[in-house]
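My notes follow in the order I took them.

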Amino acid sequence: RQIYKYGEERFSRRIARDITLAREFSDISTTGQLAEIIKKANPAWEKEKHPATRASQAIRILINQELDELRKGLDGALQLLAKGGRLVVISFIPLRTE
């Protein structure tokens, strides 16, 4: 679910299933191993992107708690912003909440 939510990966269930199965037989100790599992689970991918890009993004967002950090940063910025000031934020983090 998190791979779909944060990575917008349409094959998220298949990827999650294959990661879970792989972990039953041995530890996944490198990002290369994880990327290979994801690559095999992903039947179609964009030619210019590695097939593990979206899933890796989702895992990174989850592990680093990036959305919580973004909220904290925005709250802090608003506290420092002068009355009538402007704040511009550019973010490439998917904000899908369902």
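Where is Glu9 found? I placed Glu9 in the loop between helix H1 (2-7) and helix H2 (12-25). I note here that the model is predicted.

**Entry: Glu9**

I checked the burial and charge pairing of Glu9. Glu9 is buried, yet it has no salt bridge. I looked up the nearest side chain of opposite charge, and Arg54 came up at 4.8 Å. A salt bridge here needs a nitrogen within 4 Å of a carboxyl oxygen, so Arg54 at 4.8 Å does not pair with Glu9.

What does the side chain of Glu9 lie 3.1 Å from? I found the backbone nitrogen of Phe11 at that distance from a polar atom of the Glu9 side chain. I then listed contacts, leaving aside neighbours within four places in sequence. Glu9 touches Ile3, Tyr4, Ile15, Asn42, Pro51 and Arg54.

I looked at backbone angles next. Glu8 has a positive phi of about 50° and is not a glycine. Glu8 is in the loop between H1 and H2. I read its relative accessibility as 37%, so Glu8 counts as partly exposed.

Gln65 also turned up, with a positive phi of about 50°, and Gln65 is not a glycine either. I placed Gln65 in the loop between H4 and helix H5 (66-80). Its relative accessibility is 46%, so Gln65 is partly exposed.

**Entry: Gln33**

Which backbone nitrogen does the side chain of Gln33 reach? I found that of Ser29, at 2.6 Å. Gln33 sits in helix H3 (residues 31-41). Gln33 is partly exposed because its relative accessible area is 34%. I left aside neighbours within four places in sequence and found Gln33 in contact with Asp27 and Ile28. I also took the span to Glu8. Gln33 and Glu8 are 25 residues apart in sequence and 21 Å apart in space, C-alpha to C-alpha.

**Entry: salt bridges**

How many salt bridges does the structure hold? I counted 4.

- Arg17 and Asp18 meet through their side chains at 3.1 Å, N to O. Arg17 is partly exposed, at 46% relative accessibility.
- Arg71 and Asp68 form a salt bridge at 3.3 Å, N to O. Both lie in helix H5, 3 residues apart, about one turn of the helix. I read Arg71 as partly exposed at 48%, and Asp68 as partly exposed at 41%.
- Glu69 pairs with Lys72, with the closest N and O atoms 3.5 Å apart. About one helical turn separates Glu69 and Lys72, because they are 3 residues apart in helix H5. Glu69 is partly exposed at 42%.

Is Lys72 buried or exposed? I read a relative accessible area of 54%, so Lys72 is exposed; the cut-off for exposed is over 50%.

**Entry: the largest pocket**

I ended with the pocket. The largest pocket has a volume of about 260 Å³. The elements that give two or more residues to its lining are H1, H2 and helix H4 (53-63).

Which element gives the most to the lining of the largest pocket? I found H4, with 4 residues. I then went through the lining residues by name. They are Arg1, Gln2, Ile3, Ala16, Ile19, Thr20, Ile28, Leu34, Ala58, Ile59, Leu62 and Ile63. Two names came back from earlier entries. Ile3 is one of the lining residues and is in contact with Glu9. Ile28 is also among the lining residues and is in contact with Gln33.

Technical notes. Residues are numbered from 1 along each chain as its sequence is written. This is a predicted model: local features need pLDDT of at least 70, side-chain atom pairs count only at pLDDT 80 or more; totals for chains, interfaces and linings use all residues. Side-chain values use heavy atoms; hydrogens and water are left out. Buried means under 20% relative accessible area, exposed over 50%, partly exposed in between (1.4 Å probe, protein chains only). Lys and Arg count as positive and Asp and Glu as negative; His and the chain ends are not counted. A polar contact is a pair of N or O atoms within 3.5 Å; within protein, one must be able to donate a hydrogen and the other to accept it, and residues adjacent in sequence count only if both atoms are side-chain atoms. Contact means heavy atoms within 4.5 Å. On a 1 Å grid over the protein atoms alone, a cavity is a set of points where a 1.4 Å probe fits but cannot get out, and a pocket is an open set with protein on both sides within 12 Å along at least five of seven lines; lining residues have an atom within 4 Å of a point. Grid points are joined across faces, edges and corners, and a volume is the space filled by probe spheres set on the points.
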